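Colleague: Could you walk me through this one while I have it open on screen?

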Amino acid sequence: MSELMGLKAKLGLDVFKPNSQPHIAIKPGKETDPKLNRAILVCPAGLYTKNSDGKVEFNEDGCLECGTCRIACGSEVLDWSYPVGGYGVQYRFG
Amino acid sequence: MMAGDNSFSTSYTGSDLRQAPYQSYSVLRSKFDRWFAQQAEKVGVMLVTKSRVDELIKEDGKIIGVRAGGDELGADVIVAADGVLSLLSEKVGLSVPANPENYAVGFKEIIELDRSVIENRFGLEGNEGAARLFMGEVTRGKFGGGFLYTNQSCLSLGIVVGIKDLMQGDPGVSAPQLMDDFKVRTEVANLIKGGQTVEYSAHVIPEGGLKAWRTLYGDGILVVGDAAGMAMNIGVTVRGMEYALASGYYAAQAILKARESKDFSRNTLKVYQELLEKSFVYKDFKSFQEAPKALDNPRFFNRYPEMVGSIMQDIYTIPAGPKDKLMTSVKKQINFKEILSIVSDMRKVMKI
């Protein structure tokens with residue numbers, strides 16, 4: 001359906017080859033850095049959330065590898081690289 | 001132009017668009033890129049896919065190869081075509097981390113629909129296509145807009161929004177929420193009705209114009225396409241693929257030149273920049289260098305769509321009682337102070 005389908009279901013349409021090694025990580029000790037609030041708004045896959053302790057968490061499943069979080073938050077709070085070759089999102093249409 | 005409760009559209013069509021050589025095509029990049037890579041392979045290019053370049057190998061300040069998954073590959077010249085983030089050029093100090101104000105994030109759905117439905121809905125024949133752009137409420141007044149392109153048996157529907165505006169909140173709205181709200185707007189819902197979303201993707205676009213270009217060359221390295229910042233938004237069109245292709249072509253010309261003297265230092269490779277400057281790539285970026293500044297004006301994305309929407313609403317309304325004169329309807333929306341703002345905004349737009 002082109003009607004609203006929920007973000008999880010929408011990401012489920014994409015083809016991913018997951019890797020055990022995450023390619024994006026919040027730097028240790030930076031989880032409460034206010035810069036990370038930006039990622040909650042800008043991530044098109046909605047993968048950043050704030051838990052009850054006020055810490056921002058990142059869930060890699062469904063990452064579209066756009067790089068918006070890195071540009072918005074900066075490399076001081078995020079370790080960011082592309083997935084190892086052959087892994088990650090594989091667009092069929094692009 | 002999309003306001004909260006209404007919208008106003010203009011459209012352009014012309015015989016020039018129907019005459020070969022055609023000016024624009026809509027392509028699905030996964031298909032196009034695969035085809036394009038095959039063309040390169042046919043003329044002898046060796047393609048190594050599924051291998052991530054981890055870093056560039058630097059020796060005495062000169063780039064001499066790449067490191068990928070433990071393997072090392074030597075080269076006279078590296079062409080950094082590693083996309084908008086260009087982490088590779090950043091690692092060797094050729095560029096600094098991206099500034100949010102020079103970048104936008106685009107996210108889109110591929111929506112499958114029968115070809116006949118697309119043709120009927122958009123009034124198309126043969127291989128014709130349509131492009132629609134939306135501005136205003138689609139980004140909640142933030143810098144950017146919505147887009148819809150027709151393909152043969154699917155639509156590309158999405159939003160591009162400036163990262164700086166999106167991350168600052170005010171109003172705080174997430175990218176996925178913008179997309180959902182866009183899809184249920186009557187203006188859009190009617191166009192995608194009955195379609196089936198089959199893919200959701202996202203990509204960052206460099207939109208900072210000439211001032212945001214990265215360093216184009218160094219010792220043993222050239223930077224092309226998105227990695228160099230070569231995409232351009234002038235409001236009515238957003239272009240990038242042709243600049244990427246052309247910069248790759250000029251990079252190849254520069255490398256051929258460097259091979260003549262077997263000198264791959266920046267002194268020789270700077271011919272890349274000279275070639276670009278003589279081409280439409282640099283000329284376009286120079287002509288439109290004021291566009292990012294002129295367009296970075298919240299009034300275009302909130303005030304004007306609302307103003308035009310309200311004027312049109314009054315003009316087209318059939319009231320139960322007596323109707324205002326047309327100019328009275330216009331004046332109701334535009335007072336003297338507003339006129340001054342419009343003139344000031346127009347002055348900036350006239351620099352584009």
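Predicted model: local features only at pLDDT ≥ 70, side-chain atom pairs only at ≥ 80, totals over all residues.

Colleague: How many residues of chain A are in contact with chain B, and what area do they bury?

Modeller: On chain A there are 37 residues in contact with 49 residues of chain B, and the two chains bury about 3500 Å² between them, with 61% of it on carbon and sulfur atoms.

Colleague: And how many salt bridges does the rule find across that interface?

Modeller: The rule finds four salt bridges between chain A and chain B, one of them between the side chains of Lys10(A) and Asp180(B), at 4.0 Å from N to O. On the side of chain A that touches chain B, the elements that give two or more residues are helix H1 (7-11), helix H2 (36-42) and helix H3 (68-73) of chain A, and the residues of that side divide into 21 nonpolar, ten polar and six charged.

Colleague: Switching to strands, which ones pair with E7(B)?

Modeller: Strand E6 (residues 131-134) of chain B pairs with E7(B) in the antiparallel sense over four bridges, and Leu133(B) stands opposite Phe147(B) there. Strand E8 (residues 154-162) of chain B also runs antiparallel to E7(B), joined to it by seven bridges, with Tyr149(B) opposite Ser156(B). E7(B) and E8(B) form a hairpin that has three residues between them.

Colleague: Is strand E7 of chain B largely enclosed or open?

Modeller: Six of the seven residues of strand E7 (residues 144-150) of chain B are buried, so E7(B) is largely enclosed by the rest of the structure.

Colleague: What about the open sheet of three strands, what is its order?

Modeller: The order is E4-E11-E10 in chain B, with mixed pairing. Strand E4 (78-80) and strand E10 (217-218) of chain B each have a single partner strand, so one side of each is left without a neighbour in the sheet. E4(B) pairs with strand E11 (residues 221-223) of chain B in the parallel sense over three bridges, and Ile78(B) has Ile221(B) as its bridge partner.

Colleague: Last one: is Leu276(B) buried or exposed?

Modeller: Leu276(B) counts as buried, because its relative accessibility is 0%. Leu276(B) lies in helix H10 (residues 271-278) of chain B and, leaving aside residues up to four places away in sequence, touches Leu216(B), Met230(B), Ser247(B), Tyr250(B), Val281(B) and Tyr282(B).

Methods:
Residues numbered from 1 in each chain as written. Chains lettered and ligands numbered in written order. Heavy atoms only, no water. Buried < 20%, exposed > 50% of the residue type's maximum accessible area, 1.4 Å probe, protein only. Contact = heavy atoms within 4.5 Å. Buried area = accessible area lost by both parts, 1.4 Å probe. Nonpolar A, V, L, I, M, F, W, Y, C, P; charged D, E, K, R; others polar. Pairing = 2+ DSSP bridges.
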